Amino acid sequence: MADSNKLIEFIATGKLEDAKNLLNETLAEGVSPQEIIDNYLIKGMETVGQRFEEGKAFVPNLLMAARAMKACMDILKPLMKEGSQKTLGTLVIGTVKGDLHDIGKNLVASMLEGCGFKVINLGVDVSGEQFVNAVKENNAQIVCLSALLTTTMNYMEEVIKTIEKEGLRDKVKIMIGGAPVNQEFADKIGVDGYSSNANEAVILAKKVLNIC
């Protein structure tokens with residue numbers, strides 16, 4: 001019989017092949033895909049996130065955990081009925097117009113997805129109109145804006161203005177992050193939250209949606 005609890009640790013430590021093998025054993029024993037996601041995969045991501053907060057894990061560990069999580073989700077998604085997967089909420093994420101950096105943004109996206117959010121990753125060089133269209137098409141509750149350059153971070157304010165013009169500001173929470181961004185800038189442009197790393201982003205996303 002598979003020791004499914006080990007799957008939590010395999011995800012947390014980024015042991016991709018071990019995680020996939022144990023996942024398949026767990027499925028063979030009749031455990032449902034949703035139960036595996038809720039009880040093992042998400043808990044694995046939460047575990048590495050907690051270790052990161054405690055200084056016991058670092059960015060490479062987060063990347064490896066996210067990679068293992070994605071590999072397991074690639075196995076599970078085809079087994080799940082359309083629309084059956086439970087999520088904490090839907091969010092749109094992208095690096096703002098003029099900025100082509102995506103490593104940090106992709107880590108944040110992976111962590112959010114790994115912890116139970118449906119993530120619409122728009123990539124880089126994303127305009128305000130593209131963010132608005134994605135919010136409408138996906139009924140998103142959160143918009144996450146990323147920038148790595150001081151020359152592009154100010155475009156975040158343009159995105160917010162576009163969202164306001166479309167009458168969506170009271171329907172979505174806006175989070176920002178990136179190397180040149182800080183809490184003072186977040187307060188200045190009127191967003192709902194700022195995070196300095198991927199694990200903080202998960203905590204913040206839950207907070208703005210009032211998820212315990």
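1. Lys70 and Asp74 pair up through their side chains in a salt bridge, at 3.2 Å from N to O. For the cut-off, a salt bridge here is a side-chain nitrogen of Lys or Arg within 4 Å of a carboxyl oxygen of Asp or Glu. The two residues sit 4 apart in helix H4 (residues 59-76), so about one helical turn separates them. Helices (H or I, at least four residues) and strands (E, at least two) are DSSP runs, numbered from the N terminus. Asp74 is partly exposed at 43% relative accessibility; the scheme is buried under 20% relative accessible area, exposed over 50%, partly exposed in between (1.4 Å probe, protein chains only).

2. A word on the source: this is a predicted model, where local features need pLDDT of at least 70 and side-chain atom pairs count only at pLDDT 80 or more, while totals for chains, interfaces and linings use all residues. Residues are numbered from 1 along each chain as its sequence is written, and side-chain values use heavy atoms, with hydrogens and water left out.

3. Next, Lys136 and Glu166 meet in a salt bridge between their side chains, 2.8 Å from N to O. Lys136 belongs to helix H6 (residues 128-138) and Glu166 to the loop between helix H8 (155-165) and strand E4 (173-177), so this pair ties together parts 30 residues apart in sequence. Lys136 is partly exposed at 47%, and Glu166 is partly exposed at 40%.

4. Then there's Arg169 with Asp192, a salt bridge whose closest N and O atoms are 3.0 Å apart. Arg169 is in the loop between H8 and E4, and Asp192 in the loop between helix H9 (183-189) and strand E5 (193-194), which links distant parts of the chain, 23 residues apart. Asp192 comes out partly exposed, with 31% relative accessibility.

5. Overall, the structure holds 9 salt bridges.
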